[in-house]
Every structure is written in structure tokens, then in C-alpha cells.
Amino acid sequence: MLFIQKWRRVFTDRIEQLNVEYCNSALNGETIVSRLPFRLLNGLAHLVIFVGKEIVRFPSRPRKAKIIACVGSYNHHKSFHFAFASRDDTQLATFHNFRHAGAPHVGLLFCYLTGALFVILLPFIWLLLDRSIVRNFALVRLDQFVLGLGNRYFVRRFLRKSGAEVLLVFSNLQVYNHILIEEANKLGIVSVFATHAPVGRGQRELTTDFALLDGDWQASIYPPSSTEKLITGSARGMQLVVQRLNRSNATGIIVATNSLTRDLAAIEHFIGLIKERYPTTPIKLRPHPADIDRREQHRLICQRQGTKFSDPKEPLVLPDEDYKYLATAMSGVLTDAALIGLYPLIVRSPEIDLVTSKLPHDYYGLIELGLAKSINLNDPHLPKHWKIGTELEKLDLAARQDWDAQKAMNEALNAIVDKQLLTNSTYYFKDHQSDKNPR
């Protein structure tokens with residue numbers, strides 16, 4: 001009996017380590033979303049869709065290069081492009097659901113098909129899983145669950161044929177990335193993680209050999225591990241900071257909605273309260289880029305309230321626009337707003353708090369760093385005399401005006417390739433200044 005309990009624990013831990021985004025107990029399963037009425041039906045649909053995509057998109061042979069950068073989404077590719085696209089020792093490769101012209105593809109079909117054999121044993125496996133979050137994940141995201149159980153022969157062969165000495169990935173969350181990291185480790189390929197988006201509290205320990213992190217705060221939230229943390233700033237932050245202006249004398253507010261603000265009637269009431277309390281304040285409403293179904297509802301609110309509609313395909317704010325604040329429920333866009341000079345306001349209400357209370361407090365550290373304040377959805381007050389200082393650099397070193405994050409990231413990667421870095425250390429590239437004029 002003791003052996004079975006131990007085996008169950010090891011098996012559950014293994015699934016959690018491969019699927020950090022969904023199985024992280026600190027996030028209480030909040031990222032596991034079922035769009036279909038039955039969880040298993042949702043999982044089977046995902047499995048069929050992704051197997052189908054792998055069938056019609058054949059993998060291709062990689063060329064030889066010292067570094068292979070594997071990207072699995074558009075955001076991953078953007079981060080790669082901003083930071084490393086000019087390197088002649090680096091090959092771009094795609095995997096999962098992302099394709100890019102001319103880039104070889106890491107095929108996962110064999111991994112999916114061999115893992116899918118375990119669907120027959122799913123009732124037994126489901127009973128073995130001893131945590132409700134992992135059980136829920138196994139059904140809702142059956143595709144990723146079986147991928148973690150599949151045979152990785154062709155993934156390993158792809159990495160071997162690339163001749164790479166370094167694997168570069170842009171996420172530490174999904175099973176796809178961990179499969180690549182584990183197979184690289186077996187082949188003696190050094191693995192490097194470079195963030196592509198804001199990272200919040202509740203992280204699991206890093207599993208790569210090195211990590212290129214945005215700032216001091218980000219490095220502090222990861223549990224201790226053997227990963228060397230290199231504080232370089234981020235390519236994403238670098239692109240945002242060039243848009244930064246001093247907006248302390250502006251007056252307007254951008255209201256951005258997301259999945260936590262489903263009640264658009266409450267948002268319209270919020271806008272009405274701001275208009276009543278601050279009649280000369282410019283207001284614009286911005287839907288989430290993925291919220292396509294409600295785009296027209298947002299436009300109707302703008303018409304009724306006499307406010308401006310903000311197309312999510314366009315920048316948050318243009319240089320000549322009179323906007324100071326960005327108000328939204330907890331979202332990574334808050335960090336984007338801070339980096340371009342806006343003042344982030346975290347929308348609070350009993351309904352929103354009920355959801356966010358399941359997540360780590362002050363998820364992105366913006367309250368702790370003095371980079372955001374709360375605003376009551378039902379009684380909004382704008383913090384007129386609030387000033388943001390140098391705390392922004394702790395969030396992303398790219399916010400320093402004399403900093404060149406792209407150069408720092410490439411110097412760090414050069415040191416990794418040349419084996420100039422020691423193990424089990426945290427490196428701070430804080431004496432590295434841009435060769436360009438300060439922004």
C-alpha cells in the first residue's frame with residue numbers, strides 16, 4: 001500500500017512538473033478552462049484538433065547551428081525576433097501550433113499518437129491522480145496530458161540533427177517546452193529560458209540550465225533551483241520602453257476589459273461614474289484582443305457614453321493622446337502600461353476579488369513595487385498626485401534609460417555558448433550600458 005501511495009505521488013508530481021501552467025497548485029487550477037459542456041469532451045476535442053494539425057504539417061530537417069531557438073507561439077516569435085534574430089549562429093525552429101516560413105518544424109505527431117494509447121487506461125490513471133487540479137487538467141486538456149506520456153524519439157532526433165549546443169525556449173509553462181528541455185538535457189545540450197511575457201507569483205522552480213530574466217523582482221519569485229538566473233532585461237520591455245513618455249500631467253483613463261470583467265453593464269456603469277466625477281477626463285474603452293465576440297458591444301457602450309473606442313490591434317496610447325491611467329482587472333497589460341509611462345489601476349469589486357483571491361496576492365508585484373494602485377469598480381477615485389519612480393527597473397531592467405536589453409541578452413547568450421559562466425549563480429548585468437544615447 002505504501003508503494004502504491006509513493007508511486008501515485010511520483011506520477012502526480014511528474015505530470016505537474018511537465019504542465020506547470022495548469023497543474024501549479026499555487027494558481028488553484030484557475031487556468032484550466034473548459035469551453036465545452038463536458039470536461040472529457042473538451043479534452044478529446046483538443047486532442048483531435050492538435051493531432052490533425054500535426055498530420056497536415058510535416059516536420060522538416062533542421063540546418064546545423066550552435067543555437068536552436070524553438071518558438072511555439074506568435075508572442076514567442078516576437079521575443080525571439082526582437083532579441084536574437086540578427087545572430088548568425090542561431091536557427092529558428094517552430095513547434096506545437098506555430099509555423100513560420102522557412103523555419104523547420106519540430107514534429108510532435110509520434111508523441112501524440114503514442115501518448116494517446118493511454119486514453120484507454122484513462123479511467124484507471126484518473127483514479128491514480130491524487131490531486132483534484134491534476135485530475136481536472138487530465139480531462140480538460142487531454143491533449144497535453146497524453147503528450148507528456150508519449151514517446152519522444154522524433155523530438156530527440158530533431159535536436160540531435162540540429163547539431164545545437166544550446167536550446168533557447170521562451171516559456172517555462174507548457175508540456176511542449178518541458179519535453180524539449182528534458183530531451184536537450186539527455187543530449188547534453190544546454191537549455192536557456194528567456195521570458196516572453198510578464199511573470200507573476202506562484203511560479204514553480206525553473207528547469208533550464210540558464211534563465212534570462214527581466215528584473216530583480218522576477219528573479220526573486222522563482223523557488224531555488226540549479227538554474228543560473230541572468231538579469232538582462234527583456235526584449236519585450238525594450239520595445240515598450242521606447243514608447244514611454246512622461247504622462248504625469250495627462251488626465252485621461254483607458255478602461256481595458258478582460259476575462260475577469262465579463263459584466264459589461266458593470267463596466268459601463270464604471271465609465272458613467274468616472275464621467276460624473278471627472279467630467280473633463282478623456283475616457284476610452286479597450287476590449288481584450290481575444291474578446292472578438294463582444295467587440296460590437298464595446299462599441300455600443302462607447303456610443304452611449306460618448307467615449308472613444310480603442311482598437312486592441314493598435315497601441316495602447318499614442319504620443320499625442322491625453323491619457324494617464326490604464327484601468328483593468330489583474331492582467332499582464334498592467335505591466336505593459338507601466339513600461340510605456342501609463343499609471344496602472346487594478347479594478348476591484350467583490351465579484352472580481354472572489355476570482356483573484358484564488359491566485360497569489362499582488363500577482364505581478366505591482367502593488368509591492370509601487371507601480372499600481374487599486375480602483376473601486378463601484379466608487380472610482382483617480383489618484384491625482386501619484387508619481388511612479390525608479391521602481392520600474394526592478395520589474396524590468398530594460399526600463400533603465402541607459403540600458404540596452406538586446407545587447408545584454410546577446411552578451412549573456414554569448415557567455416553561455418562560450419561556456420564562460422559558472423553554475424549555481426545569479427548574474428546581474430548592471431554595469432552594462434547602452435552604446436546609444438540615453439532615451
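I began with Asp362, which I found to be buried at a relative accessible area of 12%, where buried stands for under 20% relative accessible area, exposed for over 50% and partly exposed for what lies in between, with a 1.4 Å probe and protein chains only. The model is a predicted one, so I kept in mind that local features need pLDDT of at least 70 and side-chain atom pairs count only at pLDDT 80 or more, while totals for chains, interfaces and linings use all residues. Residues are numbered from 1 along each chain as its sequence is written, and side-chain values use heavy atoms, with hydrogens and water left out.

**Backbone entries**

I looked up the phi of Asp362 and noted a positive value near 50 degrees in a residue other than glycine; Asp362 sits in the loop between α16 (350-356) and β13 (373-376), with helices (H or I, at least four residues) and strands (E, at least two) taken as DSSP runs numbered from the N terminus. I set this beside the general rule that most residues other than glycine have a negative phi. His96, again not a glycine, has a positive phi of about 65 degrees and belongs to the loop between β2 (90-95) and β3 (105-106). I recorded His96 as buried, its relative accessible area being 15%.

**Helix α14**

I then turned to α14 (residues 295-305), whose buried residues are Arg295, His298, Ile301, Cys302 and Gln305. Seen down the axis of α14, these fall within an arc of 120 degrees, so they line one face of the helix; the arc is that of the directions from the helix axis to the C-beta atoms. The exposed residues Gln303 and Arg304 are carried on the face turned away from the buried side of α14. I traced the packing of the buried residues of α14 to α13 (264-277), β9 (283-286) and β10 (308-309), contact here meaning heavy atoms within 4.5 Å. Just after α14, I noted a positive phi of about 70 degrees at Gly306.

Phe309, in strand β10, counts as buried at 17% relative accessibility. Leaving aside neighbours within four places in sequence, I listed the contacts of Phe309 as Leu285, Pro287, Arg295, His298, Arg299 and Cys302.

**Helices α3 and α5**

For α3 (residues 39-56) and α5 (residues 109-116), I noted axes that come within 9 Å and cross at roughly 145 degrees; axes are lines fitted to C-alpha atoms, for helices over the stretch in contact, and angles run from 0 to 180 degrees between N-to-C directions. The contact is made by Leu47, Phe50, Val51, Glu54 and Ile55 of α3 and Leu109, Tyr112 and Leu113 of α5.

**Cores**

I last looked up the nonpolar cores, each a set of buried Ala, Val, Leu, Ile, Met, Phe, Trp, Tyr and Cys residues joined through side-chain atoms within 4.5 Å. The largest has 108 residues, and those with the most contacts inside it are Phe84, Tyr112, Phe145, Leu167 and Leu168. Helix α18 (residues 405-417) gives the largest share of this core, 7 residues. Apart from this core lies another, of 25 residues, among them Ala266, Phe270, Leu285 and Leu345.
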